[in-house]
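My notes follow in the order I looked things up.

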Amino acid sequence: MDIAPSRIQTLEDVFKNVTKKAVSLVLGSGGARGLAHIGVIQWLEENGYDIRSISGCSMGALIGGIYACGKLDVYEEWVRAISKLDIIEVLKELVGDRRIEELPIEYTAVAADVKREKEVWLKRGSLFDAIRASIALPLFFKPFEINGTKLLDGGILNPVPNIPNV
């Protein structure tokens with residue numbers, strides 16, 4: 001059976017456009033990585049990947065949460081234009097009162113329990129609170145309290161979260 005090469009190429013192109021590859025992202029800490037995370041997410045979307053879930057720690061929690069609520073383009077534009085940091089107010093404005101369990105994709109923010117020196121995986125509740133807890137970098141932000149537990153930047157204990165079943 002002879003099939004013209006142009007026909008095979010056309011079928012492959014059609015298949016590539018129809019099939020999306022599902023991925024789960026694990027975004028690590030480190031302020032400078034934030035823009036890199038944005039670039040990777042944009043590349044994945046442009047190349048047909050379907051981001052099904054995101055786990056993040058510190059800056060990874062921030063970028064992941066903003067992406068999960070559909071505001072990554074707005075955040076990127078703001079980051080490129082800032083002259084003086086007013087992160088928390090802008091973050092409140094971007095994510096609003098969204099709850100993690102109502103996001104269109106699965107999301108986990110990783111923070112560190114100050115007293116117990118253990119990771120805390122925030123998978124439910126206020127998206128803003130989860131992000132705020134995960135970016136509470138010592139000397140920059142004070143610990144953020146959720147349900148009586150004081151939380152700090154998740155990168156203190158583990159810069160790349162290890163979340164099972166993500």
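**Overall layout**

I started with the contacts in the chain (heavy atoms within 4.5 Å): among those between residues at least 6 apart in sequence, 68% join residues at least 24 apart. Before going on I noted that this is a predicted model, where local features need pLDDT of at least 70 and side-chain atom pairs count only at pLDDT 80 or more, while totals for chains, interfaces and linings use all residues. Residues are numbered from 1 along each chain as its sequence is written, and side-chain values use heavy atoms, with hydrogens and water left out.

I listed the secondary structure next and got six helices and six strands. These are DSSP runs, numbered from the N terminus, with helices as H or I of at least four residues and strands as E of at least two. Along the sequence the pattern reads α-β-α-β-α-α-α-β-β-α-β-β.

For burial I used relative accessible area, with buried under 20%, exposed over 50% and partly exposed in between (1.4 Å probe, protein chains only). Of the 166 residues, 42% count as buried.

**Helix α3**

Ten of its ten residues are buried, so the rest of the structure largely encloses it. The list runs Met59, Gly60, Ala61, Leu62, Ile63, Gly64, Gly65, Ile66, Tyr67 and Ala68.

The axes are lines fitted to C-alpha atoms, for helices over the stretch in contact, and angles run from 0 to 180 degrees between N-to-C directions.

The α3 and α6 crossing is left-handed, the term for a near helix turned anticlockwise from the far one by less than a right angle, with clockwise giving right-handed. On the α3 side I found Ala61, Leu62, Gly65 and Ile66, meeting Leu127, Ile131 and Ser134 of α6. By class, this contact has five nonpolar, two polar and no charged residues. Here Ala, Val, Leu, Ile, Met, Phe, Trp, Tyr, Cys and Pro count as nonpolar, Asp, Glu, Lys and Arg as charged, and the others, Gly among them, as polar.

**α5 on α6**

α6 also packs with α5, at about 145° and with the axes 10 Å apart. This crossing is right-handed. Ile88, Leu91, Lys92 and Val95 of α5 make the contact with Leu127, Phe128, Ile131 and Arg132 of α6. I sorted the residues of this contact into six nonpolar, no polar and two charged.

**Two sides of α4**

Which residues of α4 (residues 72-81) are buried? I found Leu72, Tyr75, Glu76, Trp78 and Val79. They sit on the same side of α4, because they cover an arc of only 165° around the axis, taken from the directions from the helix axis to the C-beta atoms. Asp73, Glu77, Arg80 and Ala81 are exposed on the other side. The buried residues of α4 pack against α2 (33-46), α3 and α5 (87-95).

**Positive phi**

Most residues other than glycine have a negative phi, so I looked for exceptions. Serine 58, in the loop between β2 (49-57) and α3, has phi near 60°. Serine 58 is buried, at 8% relative accessible area. Leaving out residues up to four places away in sequence, Serine 58 touches Ser29, Gly30, Val110, Ser134, Ile135, Asp153 and Gly155.

Asparagine 147 has a positive phi too, about 50°. This residue lies in the loop between β5 (144-146) and β6 and counts as exposed at 78% relative accessibility.

**Valine 160**

Last I went to valine 160, in the segment after β6 (149-153). Its relative accessible area is 45%, which makes it partly exposed. Not counting residues up to four places away in sequence, valine 160 touches Val26 and Gly28. The C-alpha atoms of valine 160 and valine 26 are 7.0 Å apart, although 134 residues separate them along the chain.
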